[in-house]
Amino acid sequence: MSGTEWPHILGRVSGPEYIHGFGAVEEQRLRDQAKTLAPVVFEDYPLPSGGRLLELGCGVGAELELLAESHPRWDLVGVDISDSHVAAAHAHVPGAVVTRADAARLPFPDDAFDAVITVWLLEHVPDPVALLAEARRVLRPGGVLICSEVDNDTFRFTPDQPLISQWWDSFCHHQMTAGGDPYVGRRLARIADLLAFVDIETRDLAVVSSRERSQERDELLAYVRDLLLSGAESMIATGHAVPGSTQALEEVFDRLTGESEVEFEYHAVRLTCRKPVSRPPVRDDGVAEAPPPVEGRPDRPDEDSGRPAQW
Ligand SMILES: C[S@@+](CC[C@H](N)C(=O)[O-])C[C@H]1O[C@@H](n2cnc3c(N)ncnc32)[C@H](O)[C@@H]1O
């Protein structure tokens, strides 16, 4: 199918949905994705030697499982908004404490964690500033926040593959319609600054194909294909694609597997920053000044909700 035919399989836009969906296929996709991208996501990962770590939006526990192997001195805690993902995480990472919760309203006390991380979460939430304000609350002074997040504007094939490009545009449009931000990676440093984190650094996480390393290229290509297809059900349900369109997409990926001269790249961003250790300034009357309120910050978790501390 040529690129000019593609608009006919794109549909109209309607209501919001979580783009990747849930269930066994997505569970396996998340686990495959974590393994494929681990050399990029966890290269020089800036965690100290041990402590208590919270992953927000931990999904089926794919990243926690890798951290349990690579960082055995950390006590691992995860939260996710999906019951089925939390159940899967219990099975895959029995050593971690995983709870169902909205990451913007955490059932944990202040200053409870030495590290808080996110991996591929913030693109899905309506207010990443409020969510990271909540992350800051549960982080101890001096604790580290590490966010590995997408910038979907960097996704490209060379030479261009029109079918894939148009699917990707529709994929991103769907995420924005659902209230997310598929370009959130480029905002991370500004958000950290707004929330008065310190020692703010960002790093380019580059997913780039190489014709010299064909096995790795095929694995990355399979990851990209599965990522795009993970949006199909939701895109069709919301009118961003039409039934039957996935077959054409799969055919393009099948063809590209043998065309090693076609290259692709996709860049994410890793934010690393710390919660400051210093106390707030003291006014003349000896009262500590409260930090300025953060716009959009949610109320604290309901103390009367009966939700137990999870460790
Ligand atoms: C793309 S998955 C990434 C999962 C995991 N971090 C990984 O890398 O495998 C995004 C996850 O964020 C979760 N999520 C979305 N909004 C959330 C929220 N407000 N609070 C907690 N989890 C949320 C979804 O249920 C999903 O499991």
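How are H7 and H9 oriented to each other, roughly parallel or roughly antiparallel? I shall take this question as the starting point of my presentation. Please bear in mind that the model before you is a predicted one.

Helix H7 covers residues 214–230, and helix H9 covers residues 245–257. The two pack with their axes 10 Å apart, at an angle of about 170°. Because angles over 145 degrees count as roughly antiparallel, H7 and H9 are roughly antiparallel to each other.

Let us turn to the residues of this contact. From H7 come Asp218, Leu221, Arg225, Leu228 and Leu229. On the side of H9, they meet Thr246, Leu249, Phe253, Leu256 and Thr257. By class, the residues of the contact are six nonpolar, two polar and two charged.

I now move to the loop between helix H8, residues 232–237, and H9, where Ala241 is found. Is Ala241 buried or exposed? The threshold for a buried residue is 20 or more other C-beta atoms within 10 Å. Ala241 has 24 C-beta neighbours inside 10 Å and therefore counts as buried. Ser170 lies 71 residues from Ala241 along the chain, yet the C-alpha atoms of these two residues are separated by 7.6 Å.

Finally, I consider the protein chain as a whole. The chain contains nine helices and eight strands. Of its 311 residues, 38% are buried. As for contacts with a separation of 6 or more, 78% of them are accounted for by residues 24 or more positions apart.

To return to the opening question, the answer for H7 and H9 is roughly antiparallel.

Notes:
Residues numbered from 1 in each chain as written. Predicted model: local features only at pLDDT ≥ 70, side-chain atom pairs only at ≥ 80, totals over all residues. Axes fitted to C-alpha atoms, helices over the stretch in contact; angles between N-to-C directions. Helix = DSSP H or I, 4+ residues; strand = E, 2+ residues; numbered from the N terminus. Parallel < 35°, antiparallel > 145°, perpendicular 65-115°, else oblique. Contact = placed C-beta atoms within 7 Å. Nonpolar A, V, L, I, M, F, W, Y, C, P; charged D, E, K, R; others polar. Buried ≥ 20, exposed ≤ 12 C-beta atoms within 10 Å, placed from the backbone.
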